[in-house]
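Please consult the sequence and the structure shown here while reading.

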Amino acid sequence: MQSQMKRTTLRTRVGILAATVLLVGACTQPAAAPSQPASTPGSSGALVTAPSAPGGLTSDGKILVRWFVGLGTGGNPEQLGVESAAVAKCNATDGPCTKANIKLALEVYQNDVAYDTLATQIATHNAPDIIGPIGVRALNGFGAQLLDLSKYVQEKTLDTAGIEKNLVDTYIVNGKQIGIPYAVYPSYMYYNKALFKEAGLKAPPHKVGDKYVMPNGSQVDWNWDTVAQIAKILTVDSKGNDATKAAFDPKNIAQFGFDFQWTDPRGWATVIGGSGSAVAGDGKTAQWPDNWRKAMQWYYDRLWKDHTAPTQDYITALAGGNTFQSGKVAMDFVHTWYTCCVYPGDDTSPVKDWDIAIAPISLDGKITAKLHADTMGVLASTLHADAAVRAMNFIMTQPDIVVTYGAMPAKAADRKAFFDALDKKFAKLNPTKVDWQVASSMLSYTEAVNHEANMPNFLKSDAAIKQLQSDMLTNGGLNLDNRIGDLVKSLQSLFSAG
């Protein structure tokens with residue numbers, strides 16, 4: 001994330017829950033940087049360094065294409081091995097790189113220095129050709145430097161066959177196709193089947209259009225009002241009273257009905273309220289649409305009025321922020337990359353029997369399931385664009401690359417093998433198979449504007465939104481409408497300064 005979303009290595013999250021990276025990573029904590037390699041890197045943070053060459057040509061006249069890894073996942077030892085193997089395969093005597101007179105070279109940096117390293121390389125005219133894996137949030141730092149890949153998509157040099165159009169369009173920024181998703185992470189509702197059974201509740205719907213059956217037998221829409229109602233039944237205090245009871249003690253809660261784990265206000269607003277943006281259509285005016293304001297109030301009421309969602313103190317206490325894995329949260333809205341962290345995979349796990357359900361209908365009357373997606377891009381400064389695109393296409397179409405990043409393949413035909421591998425991973429503890437069709441179906445309901453899309457003065461604007469998140473999770477006395485108004489004013493100031 002954003003980035004994974006963080007999966008095999010969750011990108012550094014900023015703030016308390018901070019935004020999910022786009023790249024799945026370490027499951028032990030939500031703020032983990034990529035795992036350290038087996039060998040100790042130098043002071044530069046380089047794990048693998050590619051050679052440079054005058055004019056981008058090697059001494060034997062081959063076109064040198066440098067692949068820069070580190071902006072997201074990719075630095076774990078096992079990932080380095082797969083990446084190196086892909087490079088070797090391309091460079092083999094009969095490999096596609098060799099046949100095209102290309103020499104592909106891998107360049108890997110620690111996640112905490114990769115951004116500065118790449119910025120320096122660009123500034124000193126020593127930039128690589130390919131960057132990635134990288135997600136929507138990470139692209140905000142370098143999107144302006146990326147090559148428009150539209151013609152390569154049209155010419156089919158880049159293989160987009162079998163990838164839904166709305167997923168490809170995720171990486172159209174300011175009219176430029178700056179990437180092609182090879183890995184996607186749809187979002188949906190994880191739920192603890194044991195806690196639902198204990199509360200006498202039916203499971204949430206798995207198919208779009210299905211109703212939810214309430215305890216009295218009535219059938220209602222699966223929307224956020226329904227989530228609020230059943231969250232009260234699933235929230236229990238230390239004496240066993242649920243949140244529908246007059247005796248319920250909100251100061252001593254043992255179990256929560258719902259959490260929105262590892263995302264931020266733009267993520268909350270997008271899923272609960274529906275598609276929107278903090279930036280108006282002119283690209284420079286700050287806003288917080290009405291459906292987003294209503295979404296913020298909905299969530300704030302769950303935190304401080306109903307007490308059915310954990311505030312920051314509880315979040316910290318519940319498995320260090322991995323709230324659903326604690327076994328004390330009945331429903332949790334997260335992405336596919338959270339399969340890394342649902343439970344540690346041993347018999348001590350408090351979460352054994354779980355499944356996934358579709359996203360509830362948003363407040364605007366439509367289902368919106370926010371999307372994380374990973375891509376690779378080619379820097380516009382490359383001296384050999386055609387060669388770089390060819391090499392990048394080879395990398396992104398290698399099945400082992402997608403697998404090592406813990407990603408759901410963007411190509412529909414490759415997803416069954418991915419889900420089969422997850423079933424095998426979870427078979428020991430989960431008594432029944434997870435309904436992975438839910439994940440695939442949510443890809444048809446992605447937001448019109450990605451919730452991690454660019455904003456003017458991005459880092460400072462993003463930090464201002466994260467401060468709203470902190471305030472909502474720690475302060476039960478906010479006038480939320482006024483607080484959002486102050487945020488819009490702050491964003492406008494930052495947009496103008498940016």
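Axes are lines fitted to C-alpha atoms, for helices over the stretch in contact, and angles between N-to-C directions run from 0 to 180 degrees. The model under discussion is predicted. Two helix pairs are summarised below.

| Helix pair | Angle between axes | Distance between axes |
|---|---|---|
| Helix 9 (residues 265–273) and helix 10 | about 100 degrees | 8 Å |
| Helix 10 (residues 290–304) and helix 17 (residues 480–497) | about 130 degrees | 10 Å |

Because angles of 65 to 115 degrees count as roughly perpendicular, helix 9 is roughly perpendicular to helix 10. In this pair, Pro265, Arg266, Trp268, Ala269, Thr270, Ile272 and Gly273 of helix 9 meet Asn291, Trp292, Ala295, Met296, Trp298 and Tyr299 of helix 10. The contact comprises nine nonpolar, three polar and one charged residues.

Helix 10 and helix 17, by contrast, are oblique to each other, and their crossing is right-handed. Helix 10 contributes Arg293, Met296, Gln297 and Tyr300 to the contact, while helix 17 contributes Leu480, Asp481, Ile484, Gly485 and Val488. By class, five of these residues are nonpolar, two are polar and two are charged.

The largest pocket has a volume of about 870 Å³. Its lining consists of 34 residues, of which Ile172, Val173, Asn174, Ala453 and Asn454 are the closest to the centre. Helix 4 (136–139) and strand 5 (172–173) are the elements that supply two or more residues to the lining. The lining of the largest pocket divides into 17 nonpolar, 13 polar and four charged residues.

Conventions. Residues are numbered from 1 along each chain as its sequence is written. This is a predicted model: local features need pLDDT of at least 70, side-chain atom pairs count only at pLDDT 80 or more; totals for chains, interfaces and linings use all residues. Side-chain values use heavy atoms; hydrogens and water are left out. Helices (H or I, at least four residues) and strands (E, at least two) are DSSP runs, numbered from the N terminus. Angles under 35 degrees count as roughly parallel, over 145 as roughly antiparallel, 65 to 115 as roughly perpendicular and the rest as oblique. A crossing is left-handed if the near helix is turned anticlockwise from the far one by less than a right angle, and right-handed if clockwise. Contact means heavy atoms within 4.5 Å. Ala, Val, Leu, Ile, Met, Phe, Trp, Tyr, Cys and Pro count as nonpolar, Asp, Glu, Lys and Arg as charged, and the others, Gly among them, as polar. On a 1 Å grid over the protein atoms alone, a cavity is a set of points where a 1.4 Å probe fits but cannot get out, and a pocket is an open set with protein on both sides within 12 Å along at least five of seven lines; lining residues have an atom within 4 Å of a point. Grid points are joined across faces, edges and corners, and a volume is the space filled by probe spheres set on the points.
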